[in-house]
Amino acid sequence: MNEGMNRLDATDGTDGAGRVEVLTPRDVPLGGPRSMTVRRTLPQRGRSLIGAWCFADHYGPDDVARTGGMDVAPHPHTGLQTVSWLFSGEIEHRDSLGSHALVRPGELNLMTGGHGISHTEVSTPDTGILHGVQLWVALPDEHRDTRRDFQHFTPEPVVIDGARISVFLGALAGAVSPVRTFTPLLGAEIVLGPRATLTLAVDPGFEHGVLVDHGHVRVAGTSLRPAELGYVPTGTGTLTLGNDSDEPARTVLLGGTPFEEEIVMWWNFVGRSHEDIARAREDWMKELAPGQPTDGRRFGEVAGYDGAPLPAPELPSVPLKPRARAR
């Protein structure tokens, strides 16, 4: 799938301000030499952000016996929060804060990279089918060097109008997540029953994205296929999702206030300039060099992983350019 194959469809007039922009993903190998393929919907050349959401990978259903599953060696992050959400399978998470947790379906794991953190992600031996999303949130400039953090939360699903809603960030349909973020955000899994139509009250100051996992879903009258993401601009006080099929359909709803800062994203780093990224890369590679002291490391060390950390790729020969939200 090629980046940039997007379309704009008019809404049906029942809700929404303007048009629904349909973003199609591209296939990307994840995790270095033992990579698995994911479908990446954000960022794209035409749209880098939805609120502070700056990255969306969608993977599976992946038969681990055939593909080997997920095995991502220690790697660094700066300037962001990572959001892990599974539909099936189980992933073991370890990080340099000392966190050791299992990512399971219906449970949120959120890691704050801030000034610097490193972590690993490995599917467990009991996993048969691996299926989920990996999302990133850009930290605003005043908080992008915040301390490392890790949060876990299991939302209680809300059932309304033939839909099952699990709110893992923000507030929706009367459910509120206690998980801390640095900008106003919304994140929820929504499973629509057969032939169900759901109208939700949403914050008109948010822009929203609806990522379809499976099924064919209408968003404000626009049809989305599996793995597509429908973008809805600000000014929308209600959002209508419909499932026209005789089978359940699953989506992930993302939202947030427009992120007005320019960011530079490269590899696993989010910064504000080429120099920010180059400094983070240099710091990571120094930590990988033999004989380096373990105290005072920017990214720290991940204990319990059997393997070497991932080296950073070479920076491009031209300076990295900042990206801003599409207007």
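How many residues does the largest nonpolar core have, and which of them have the most contacts inside it? The largest nonpolar core has 33 residues, and Trp 53, Val 83, Leu 108, Phe 168 and Leu 169 have the most contacts inside it. A nonpolar core is a set of buried Ala, Val, Leu, Ile, Met, Phe, Trp, Tyr and Cys residues joined through side-chain atoms within 4.5 Å; buried means under 20% relative accessible area, exposed over 50%, and partly exposed in between, with a 1.4 Å probe and protein chains only.

The model is predicted: local features need pLDDT of at least 70, side-chain atom pairs count only at pLDDT 80 or more, and totals for chains, interfaces and linings use all residues. Residues are numbered from 1 along each chain as its sequence is written, and side-chain values use heavy atoms, with hydrogens and water left out.

Strand β12 gives the most, with 5 residues. Strands (E, at least two residues) and helices (H or I, at least four) are DSSP runs numbered from the N terminus. A second, separate core of 26 residues includes Val 20, Leu 186, Leu 198 and Val 202. In soluble globular proteins, nonpolar side chains tend to be buried together.

Val 176, in strand β17 (residues 175-176), is exposed, with a relative accessible area of 63%.

The next feature is a sheet. Four strands form an open sheet in the order β19-β24-β21-β22, with antiparallel pairing; two strands pair if DSSP finds at least two bridges between them. The edge strands, β19 (197-201) and β22 (222-224), each pair on one side only. Strand β19 is joined to β24 (residues 238-243) by 5 bridges, and Thr 199 has Thr 240 in β24 as its bridge partner.

Finally, the second largest pocket deserves attention. A pocket is an open set of points on a 1 Å grid over the protein atoms alone, where a 1.4 Å probe fits, with protein on both sides within 12 Å along at least five of seven lines; lining residues have an atom within 4 Å of a point. The lining of the second largest pocket includes Trp 284, Glu 287, Arg 297 and Tyr 305. Its residues divide into 6 nonpolar, 3 polar and 3 charged. Helix α2 (residues 274-288) gives the most to this lining, with 3 residues.

Definitions and conventions. Ala, Val, Leu, Ile, Met, Phe, Trp, Tyr, Cys and Pro count as nonpolar, Asp, Glu, Lys and Arg as charged, and the others, Gly among them, as polar.
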